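Subject: Structure handover

Hello,

Here is the structure you will be taking over. Please open it first, then read the notes below.

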Amino acid sequence: MKQLLMIRSVVFIIVGLIIIQFEAAQETRLLIMIGGLTWLVISPLIRKIKSLRGVLIILDLMVIVVLLGQSRFMMNYLILLMPFFVFAEIVFCLKNEWQVVTGLIFLGMISYYFYRVAQYGLNYEKIIQMAFIYGVYTLGFVTLTLLATYLDVKDKMLELNDSLTFKNEALIAVNRELSEVNMAFEASQLEVIRLTKIKERALLARDLHDSVGHELTGLMMLLEMAKRQPDRIEEGIVQARKTLKMLRETVSTIEKPLDEEPFRTRIFQRVKQFKAQTDMSVIIQFDDRFEFKGNSKVSSNQMAHECYAMLTEALTNIAKHTSASTVWLNFTLLSSGSWLMKVRNDGVEDHQGRESSKVTNRKGNGLRFMANRAKSIGAICEIFEEAPYFTIVIKGDAYD
């Protein structure tokens, strides 16, 4: 825009000097021509007011028509050249509605000028000149319009191309990030699979210990008794078949269902089996109000299952590692709502007359599994030893 107006001013100065030199105008006509040419040179300087730009261009076209009327030549081609610079400004600087309006106004002005010329007489040469000038103006205006449209579309295409290039680069970056996230996700999946296998192995080892291990312990004790009581051999065979069946079930399911039977029923069945295998006396106290209440992290069925497994482990340890004659079991619901499971036996020998103490350094697999099970349901497992008694206390908090 600025370059176009600068070129126009320079051209109009040169053309104005030539016109004044050849016109040889006198007094009033000279002043009018100098004033018109001066206006055409300085008018671009006040184009910064955009709201007046269309009006100023119309004034420029009127001034050019006035200069044509003041020229002593019928067809002053230097003055007729000036509208092309105004056309360029119209096409490149004004909106479409101004382009049409200014173009029609100028054609009207030129037509009026030609009408004035025709009053002095028409001939073939003048008609051809008028037609030629009309054609040149029309062709020039259309050409400039097409050029401006082409440049405008080109600029928009370049902007669109830049925008698409930016978006394409952004998509490439996002795709790269997604690839990295996908790789990280695949790695995390592999890690989850690995940890799941480790957990399954741990669960399998624990269940084998809790179920098959206990049954094998009972089978060994029956076989020991069969040495003294041959009539119990058949009972040992039944126990061996039961152990084999349990091994198959453990390998196929890993975890036994948590809600097969009521907790109380399973406890009394396990005690009955223990008494048959060991000939030990079992005294059980079971609070009628005793129950488990789960929460969002641990269900009541899971609590029952883990407590049953801990009781089974405790009885197995008593059978394997003590010479107890009596076992006391206590299941109590405290006033605070917490539950308490206590397992006591009299199989501890007192060689040093020790007083009651809390045992904290037990490291056997059975006791470790019990502690882990208690922790998994939010309970605590404590062991106390006071000869001849060995006591395991498992306490769980109340859950709403």
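First, a definition: the expected span of a helix is 1.5 Å times one less than its number of residues. Helices (H or I, at least four residues) and strands (E, at least two) are DSSP runs, numbered from the N terminus. This is a predicted model, so local features need pLDDT of at least 70 and side-chain atom pairs count only at pLDDT 80 or more, while totals for chains, interfaces and linings use all residues. Residues are numbered from 1 along each chain as its sequence is written, and side-chain values use heavy atoms, with hydrogens and water left out.

Helix 9

Helix 9 has 16 residues, which at 1.5 Å a residue should span 22 Å. Its end C-alpha atoms are 22 Å apart, so the two agree. Several of its residues are buried (under 20% relative accessible area; exposed is over 50%, partly exposed in between; 1.4 Å probe, protein chains only). They are Phe263, Arg266, Ile267, Arg270, Val271, Gln273, Phe274, Gln277 and Thr278. These residues cover an arc of only 165° around the axis, which puts them on the same side of helix 9. The arc is that of the directions from the helix axis to the C-beta atoms. An α-helix has 3.6 residues a turn, so residues three or four places apart point the same way.

Asp279 follows helix 9. It sits in the loop between helix 9 and strand 1. Its phi is positive, about 65°, although Asp279 is not a glycine. Most residues other than glycine have a negative phi. Asp279 counts as exposed because its relative accessibility is 53%.

Met225 belongs to helix 7 (residues 124-228). At 7% relative accessibility, Met225 is buried.

The cores

A nonpolar core is a set of buried Ala, Val, Leu, Ile, Met, Phe, Trp, Tyr and Cys residues joined through side-chain atoms within 4.5 Å. The largest one holds 38 residues. Which members touch the most others? Phe263, Val327, Leu329, Phe331, Trp339 and Ile394 do. Elements giving two or more residues include helix 9, strand 2 (326-333) and strand 6 (389-396). Helix 10 gives the largest share, 10 residues. A second, separate core of 34 residues includes Ile19, Met82, Leu144 and Ala148.

Take Ile394 as an example. Its contacts (heavy atoms within 4.5 Å) include Met310, Trp339, Met370 and Cys381, not counting residues up to four places away in sequence.

Asn345 lies in strand 3 (residues 339-345). Is Asn345 buried or exposed? Buried, because its relative accessibility is 2%. Its side chain reaches the backbone nitrogen of Gly347 at 2.9 Å. Leaving out residues up to four places away in sequence, Asn345 touches Trp328, Pro388 and Tyr389, among others.

Pro388 is in the loop between strand 5 and strand 6. A cis peptide bond joins Ala387 and Pro388, with omega about 10°. Most peptide bonds are trans.

Cysteines

How many disulfides are there? The count is 0, taking a disulfide as a pair of cysteine sulfur atoms within 2.5 Å. Cys307 is buried, at 0% relative accessibility. Cys381 is partly exposed, at 23%.

Best wishes

Conventions:
A polar contact is a pair of N or O atoms within 3.5 Å; within protein, one must be able to donate a hydrogen and the other to accept it, and residues adjacent in sequence count only if both atoms are side-chain atoms.
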